[in-house]
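These notes are meant to be read beside the model. Please keep the sequence and the 3D view open while going through the points.

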Amino acid sequence: MKIIGISGSLRSNSLSQAFLEFLLRGMEERGFLTSKADLKILNLPFYNPKEGEEELTLAAYKKMMEEADGLLIINPEYHGSISGALKNALDYLESSKMVGKVAALVSMLGGEAGGFSLEHLTTVARKLHLWVSPATLIIPKCETNIGKMGEPLTKELKDRVEIFLDKFEFGLKKLKG
Ligand SMILES: Cc1cc2nc3c(=O)[nH]c(=O)nc-3n(C[C@H](O)[C@H](O)[C@H](O)COP(=O)(O)O)c2cc1C
């Protein structure tokens, strides 16, 4: 089964990109094939489709997302919500082609609390007809909780990450296995 990871930060040395890679390695250890839709490389234009004029990178991005069994989506919380880059990338997807895929959702915060962005991301995922895994992650104060290689820095977070990946795996096997 194939998992595609996507993170909404285009920043160099992004912690959400690093954490995404850490989580994808965890899914590989569980036997899944993984790949990343890297929004910094894809550099998708703002959603403004023109009939018969789809760019190659855009077509490749959509194909990659449509062929996945599961999506691992990491949002850096921007002003209490989803980053523009991530929302734009998700807006290109068609719900009819997302049916039956499992989505595992994460929100990364610079601050202490909030997590409204996770609610917003959940709504978007459901509107896309994705099956949202019940285990989600909100990472507060990401600079003190996530290391440069994306690794969780506290025992409590490490345990939460294991549960998050276990539940994602469970959902994938139930729906797609
Ligand atoms: C435009 C912008 C808005 C942000 N708004 C919030 C916010 O509302 N709440 C919060 O906790 N952190 C906020 N942050 C901090 C980011 O959530 C944090 O830096 C991010 O999750 C880490 O992203 P990275 O992958 O770029 O390292 C904001 C950062 C930016 C750049």
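1. A residue is called buried if 20 or more other C-beta atoms lie within 10 Å of its own, exposed if 12 or fewer do, and partly exposed in between, with C-beta atoms placed from the backbone. Helices (H or I, at least four residues) and strands (E, at least two) are DSSP runs, numbered from the N terminus.

2. Residues are numbered from 1 along each chain as its sequence is written. This is a predicted model, in which local features need pLDDT of at least 70 and side-chain atom pairs count only at pLDDT 80 or more, while totals for chains, interfaces and linings use all residues.

3. The protein chain contains 7 helices and 6 strands. Their order along the sequence is β-α-β-α-α-β-α-β-α-β-β-α-α. The radius of gyration, 15 Å, is close to the 16 Å of the globule rule for 177 residues, so the protein chain is as compact as a globular protein of that length. That radius is taken over C-alpha atoms, and the rule is 2.2 Å times the number of residues to the power 0.38.

4. Of the 177 residues in the protein chain, 37% are buried. Two residues are in contact if their C-beta atoms, placed from the backbone, lie within 7 Å. Among contacts between residues at least 6 apart in sequence, 78% join residues at least 24 apart.

5. Which residues of α1 are buried? They are Leu15, Ser16, Gln17, Ala18, Phe19, Leu20, Leu23, Leu24 and Met27. These buried residues pack against β1 (2-7), β2 (33-37), β3 (70-76), β4 (102-108), α6 (142-145) and α7 (155-176). Just after α1, Gly31 has a positive phi of about 95°.

6. In β1, 5 of the 6 residues are buried. β1 pairs with β2 in the parallel sense over 5 bridges; strands pair if DSSP finds at least two bridges between them. Ile6 stands opposite Ala37 in β2.
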